[in-house]
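Hi,

Here is the structure I promised to pass on. Have a look at it first, and then read my notes below.

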Amino acid sequence: MIEIEDLKKQYVSDDGTPGGGIFGISFDVAEGELFTLLGPSGCGKTTTLRSIAGLELPERGRISLAGKDIYNSATRVSVPMYERDIGMVFQSYAIWPHMNVFENAAYPLKVSRTRNFSRKEIHEKVVEILEMVGLGEFIRRPSTQLSGGQQQRLALARALTREPRLLLLDEPLSNLDAQLREQMRVELKRLQQEWGVTTIYVTHDQSEALAISDRIAVMNEGLIAQIGTPKEIYNRPTSEFVAHFIGKTNLIHGDLAADATAGALAKVTTELGPLQCTFPAAVPATGNIAVVVRPESVVIAKQGGAEAGELSAVNRIAGVVRNEIYLGEIIEYMVATDNGTEIVVRTPPGKDIGKDDKVLMHFPPKNTVALIEK
Amino acid sequence: MTTKPEAIDSLWMPKETAGFWRRARSGFGYSPAVIILAGVLLILIVPPIIFLFQTSFYTTTFAGEFDKFTFGFYTELVTNPRFFNNFVNTTVYAVGSAAFAIALGTAQAWIVERTNTPFRQYMFLVAIISLGIPHVLYTIAWLLIMGKAGPVNDILRAITGAEEAVLNVYSMWGMILIEGVGFAPLAFLLLSSVFRSTDASFEEASMMSGAGISQTFRHITARLAMPGIMALMLLIFIRAFESFEVPALVGLAGGINVLTTDIYESIHMEMPPNYGQSGAFSVVLLLWVVVLLYWYNRLSRHAERFQTITGKGYRPRQMDLGKWRYLTAGLLVLLFLLIIGLPVSIVLWASLQPYYEGVTAGSLGRFTLDNYVEVFKAGSFRDSILNTLILGTATATAVVPFTALCAWLAVRRYKGGWFLDQMATMPLIFPAIVMGVAFLQVFLNMPFALYGTLLSVVIASVVREMPYGMRYSYAGLLQIHTELEEASAVSGAGEVGTFLRIVIPLVAPAMITCWLFLFLIAVRAVSMPILLVGPNSQIVAVTLFDLWENGQVTELAAMGMAWMALMTVVSCLFYIIVRRYRLSLH
């Protein structure tokens with residue numbers, strides 16, 4: 001549906017020093033897919049989005065939408081914004097204060113160059129879409145009297161009224177409070193699926209990205225670090241950056257004696273002893289391995305307890321609980337191993353384990369991921 | 001928090017007083033600071049108002065004392081058809097110059113704030129340097145350029161072959177043109193902040209809805225900026241309504257009278273001075289300005305509503321104009337020529353001539369520096385420059401700390417703080433010439449000799465500039481979050497300690513620019529000092545005015561050049577500090 005190829009754009013500040021930007025971004029988004037650009041601020045995700053929208057002019061690369069180039073530096077094509085057929089929701093919503101709810105949503109139809117819509121058509125379409133986003137009863141309300149959540153819905157309705165091929169969402173939930181954000185997250189996903197519109201979503205919030213995306217591109221310093229489904233990104237990070245950015249993680253350094261093939265298990269010698277690890281990518285023998293284990297993948301049992309006996313002998317490590325944090329639905333333990341490494345463990349509450357208890361931990365090999373350290 | 005012995009205020013004042021400060025704040029009474037400041041404000045502001053109204057209702061003796069009560073001055077106003085004629089003149093002139101200034105300012109502000117035109121960043125410097133050019137000098141420069149013997153008419157005569165001057169600048173359109181260009185820098189500075197504070201994503205959202213640049217400009221940019229532009233247009237209309245330089249230098253010579261020149265003439269052209277008449281004129285002008293300012297307040301509040309809706313993701317955006325940017329750059333160069341280039345060139349030319357006969361080939365061989373020697377020689381010229389420096393320094397130095405304290409008490413909602421705010425802002429309703437009339441009466445009726453002294457000019461000037469200092473400080477202090485002060489209080493500092501150690505350092509850059517700004521506007525004023533100065537308290541702007549009336553163009557030009565050079569240093573300093581600390585210009 002949309003293809004981005006080797007997109008580059010560098011910012012230069014007023015005094016001439018090179019600033020941030022994007023340095024060669026490539027990805028494809030399939031029809032109807034919700035694709036997320038995820039990364040810390042300044043990673044280039046918004047620049048990528050604005051380049052697709054036509055709000056920024058990249059330096060080189062190619063963007064094609066539905067088989068047609070809308071930007072191509074090689075053939076010097078840059079289709080103007082109003083011909084791109086893209087809808088966008090801005091971070092600030094950009095709801096025009098001098099128009100009411102209806103006028104805001106109707107604007108794309110009024111200014112349309114491809115077709116002249118009759119008043120009746122505009123009215124029907126706009127009312128339909130406002131009802132869909134739950135603003136049916138606010139049609140004549142001045143837009144300055146809307147709450148944050150309502151402005152957000154209106155911005156979405158406005159982006160959808162002319163039924164664009166592609167919908168761009170620039171941190172659409174970041175201006176809402178936490179509770180509303182979760183609610184709107186579900187609703188956004190529902191509307192996107194109902195409408196079936198191909199969507200590119202920009203956010204810096206990893207839990208938001210995991211919850212709503214079909215696929216995620218994690219970005220860092222102007223480059224894509226990894227593309228994959230939420231599960232792949234979470235469970236099989238291919239770099240330390242991704243592992244750290246997507247949730248809490250344990251990182252253990254080690255050596256790999258023999259070459260490992262992609263997808264296979266191999267033994268890594270670490271400071272905690274030998275560990276059986278999964279290799280998402282082929283790695284040659286190296287002394288530079290990072291082993292990543294998510295806190296909730298770790299199985300924990302009290303030494304001498306009944307559960308300890310059932311624990312697999314592979315990847316088994318002994319330690320002492322230094323601290324426990326009760327978080328409601330889960331409990332988090334800080335476990336110090338014999339050589340002093342701290343391992344974070346998350347588990348449902350209910351285990352009879354407390355501070356200063358001696359414990360055994362098991363890292364299941366399929367969830368113990370080994371990467372080349374950067 | 002009260003027991004910490006190092007806290008500055010516990011050394012500075014006894015415990016009970018410290019308690020009193022806190023109690024005052026919590027609403028049991030007025031803080032002594034509020035009472036003292038309110039007293040000073042009342043002493044400064046109430047007498048001129050009383051004397052102004054009294055003057056308009058009493059005949060005066062030859063010595064200037066009030067004589068008999070009368071409504072005569074008002075009935076004469078109402079029955080004299082000239083008054084209505086002049087009122088219409090004033091309105092036409094003010095509307096015309098406001099519209100012209102806004103047109104120039106809008107174009108300039110849009111080009112500078114929203115496009116990628118080359119040189120755009122220098123326009124702020126141009127606008128600020130133009131603040132240092134006295135309005136009198138600027139008006140005179142345009143009269144030299146467009147006057148009967150000026151280069152514009154020379155060229156037109158050469159083209160058309162006419163014997164007489166083709167353009168008569170001493171006319172309504174001449175007044176509008178000169179005043180309009182004169183107000184363009186102010187319009188630009190104010191409008192650029194309107195354009196800057198409008199979230200660019202409003203325009204981007206329109207582009208993403210499928211609208212082109214022109215549709216976006218019509219439906220979004222223009223509509224959003226309109227309330228702000230209207231409010232500023234009204235503000236400049238008010239300023240033009242009260243302006244004096246152009247009406248006095250251009251209008252009077254062309255037989256076009258406006259209200260401010262009527263006031264001036266009834267004091268300066270009649271013998272004995274018709275104080276009562278000037279008072280009645282002043283009261284009418286004052287009331288009219290009050291009405292206009294009320295409208296302005298309502299309009300600008302409406303304008304602000306449009307600007308407060310911006311969200312977090314705000315980022316300024318510049319439109320890429322492509323090849324058109326050379327055209328817009330050309331426009332900026334043209335504006336530079338109109339605002340600084342041409343006026344300064346003609347004054348420089350005149351200052352190097354032994355006698356002035358326009359821009360002719362013959363005068364090329366007569367360059368001389370004699371005029372500059374005359375200006376720097378000990379004597380009235382040099383005295384007047386010194387007097388003006390004293391006036392500017394004294395005014396700014398008195399106003400800045402005074403209004404900063406008032407503003408702080410008002411911003412932090414001390415009991416009675418709103419009163420200080422209102423009182424210090426009130427002189428804004430006085431057109432400068434009306435304030436001149438009012439203070440003239442105050443000083444004439446003082447038991448001790450104050451009239452004609454430099455001190456009297458300084459006092460009037462302090463009252464006149466107070467509103468600007470107040471607005472400037474108020475805006476600066478509003479930006480300091482209360483928590484910064486509360487953190488200081490929690491750390492053990494008292495009220496005074498917090499003010500000295502936290503508030504003052506934080507607002508210092510704003511206060512310094514405020515000082516420079518007040519200095520610049522205090523020294524360029526003519527219309528108020530022209531009624532107050534005496535032979536020993538001449539100031540530059542008034543001297544320039546008198547020299548023009550006497551036809552001493554070359555000395556005037558040399559003095560003007562010297563003064564502009566001095567003021568350019570001050571305005572560049574202002575510019576540098578504003579840039580350095582990223583302060584907003586208004």
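Below is what I found, chain by chain and then across the two chains.

A word on conventions: this is a predicted model, so local features need pLDDT of at least 70 and side-chain atom pairs count only at pLDDT 80 or more, while totals for chains, interfaces and linings use all residues. Residues are numbered from 1 along each chain as its sequence is written, and chains are lettered from A and ligands numbered from 1 in the order in which they are written.

Chain A to begin with. It has nine helices and 21 strands (DSSP runs numbered from the N terminus, with helices being H or I of at least four residues and strands E of at least two). Its C-alpha atoms fill a box of roughly 80 × 50 × 40 Å along the principal axes. Chain A is divided into domain 1 (2-235) and domain 2 (249-374), with bounds from an automatic or database domain assignment. The centres of these two domains, taken over C-alpha atoms, are 40 Å apart.

One helix of chain A to look at is α4(A), residues 148-160. With 10 of its 13 residues buried, it is largely enclosed by the rest of the structure. The buried ones include Q151(A), L154(A) and L156(A). Among the elements covering them are β7 (86-89), α2 (101-110) and α5 (178-195) of chain A; here and below, contact means C-beta atoms, placed from the backbone, within 7 Å.

Now chain B. Its domain assignment gives domain 1 (1-70 + 381-586) and domain 2 (83-310 + 317-368). Their centres, over C-alpha atoms, are 27 Å apart, and the contact takes 45 residues from domain 1 of chain B and 44 residues from domain 2 of chain B. On the domain 1 side, the largest share, 15 residues, comes from α25(B). That side divides into 32 nonpolar, 12 polar and one charged (nonpolar is Ala, Val, Leu, Ile, Met, Phe, Trp, Tyr, Cys and Pro; charged is Asp, Glu, Lys and Arg; the others, Gly among them, are polar).

Two helix pairs in chain B are worth a click. The axes of α3 (residues 32-57) and α19 (residues 432-444) of chain B come within 8 Å and cross at roughly 95 degrees, which makes α3(B) roughly perpendicular to α19(B). Axes are lines fitted to C-alpha atoms, for helices over the stretch in contact, with angles from 0 to 180 degrees between N-to-C directions. Under 35 degrees counts as roughly parallel, over 145 as roughly antiparallel, 65 to 115 as roughly perpendicular and the rest as oblique. This contact has 10 nonpolar, two polar and no charged residues.

The other pair is α7 (residues 135-146) and α24 (residues 540-550) of chain B, whose axes come within 8 Å and cross at roughly 30 degrees; they are therefore roughly parallel. Here V136(B), L137(B) and I140(B) of α7(B) meet A541(B), L544(B), F545(B) and W548(B) of α24(B).

Finally, the chains touch each other: 23 residues from chain B and 27 residues from chain A take part in the contact. On the chain B side, α10(B) gives the largest share, six residues. By class, that side has 10 nonpolar, eight polar and five charged residues.

Cheers

Terms used. Contact = placed C-beta atoms within 7 Å. Buried ≥ 20, exposed ≤ 12 C-beta atoms within 10 Å, placed from the backbone.
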